[in-house]
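Please examine the sequence and the model below. The paragraphs that follow proceed from strand pairing to the nonpolar cores.

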Amino acid sequence: MKKSFPDIVCEQCRKVLARADVERDTHVPAPEELVAAGAVAIPNFGWFCSQECATGYEQAKGRRMFDRNAAGEVQYYPKP
């Protein structure tokens, strides 16, 4: 029996970024493609569709929660 896993969804606006492909045990589009398109992955947390949603999430919580690069962008993985 295949293990189910969820679609990738933006934690701020709830936009579906990628659908789970249970048969192939992956997401479509792949996480690498999401990052290349500007989505933001946060380890052990989730995804944001954009820098704007990542910043909006922090503002809604009232504090800075995520690491940022020298340009001030939320970034945990190198951009392709």
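Which residue in S3 is the bridge partner of Arg19? The model is a predicted one, and in it Arg19 has Val28 of S3 as its bridge partner. Strand S2, residues 16-21, is paired with S3 in the antiparallel sense, over three bridges. Both strands belong to an open sheet of three strands, ordered S1-S2-S3, with antiparallel pairing. Strand S1 (8-9) and strand S3 (26-28) are the edge strands, each pairing on one side only. Strands of a sheet are paired through backbone hydrogen bonds, in either a parallel or an antiparallel manner.

Strand S2 also contains Asp21. Is Asp21 buried or exposed? Asp21 counts as buried because its relative accessibility is 14%, and the cut-off for burial is under 20%. When neighbours within four places in sequence are set aside, the contacts of Asp21 are Phe5, Thr26, His27 and Val28.

Attention now turns to the nonpolar residues. The largest nonpolar core consists of nine residues, namely Cys10, Val40, Ile42, Phe48, Cys53, Ala54, Tyr57, Phe66 and Val74. Two or more residues of this core come from each of strand S4 (40-42) and helix H2 (51-61). Helix H2 gives the most to this core, with three residues. Apart from this core lies another, of eight residues, including Ile8, Val35, Ala39 and Trp47.

Leaving aside neighbours within four places in sequence, Cys10 is in contact with Lys15, Leu17, Trp47, Phe48, Cys49 and Cys53.

Terms used: Residues numbered from 1 in each chain as written. Predicted model: local features only at pLDDT ≥ 70, side-chain atom pairs only at ≥ 80, totals over all residues. Heavy atoms only, no water. Pairing = 2+ DSSP bridges. Helix = DSSP H or I, 4+ residues; strand = E, 2+ residues; numbered from the N terminus. Buried < 20%, exposed > 50% of the residue type's maximum accessible area, 1.4 Å probe, protein only. Contact = heavy atoms within 4.5 Å. Core = buried A, V, L, I, M, F, W, Y, C linked by side-chain atoms within 4.5 Å.
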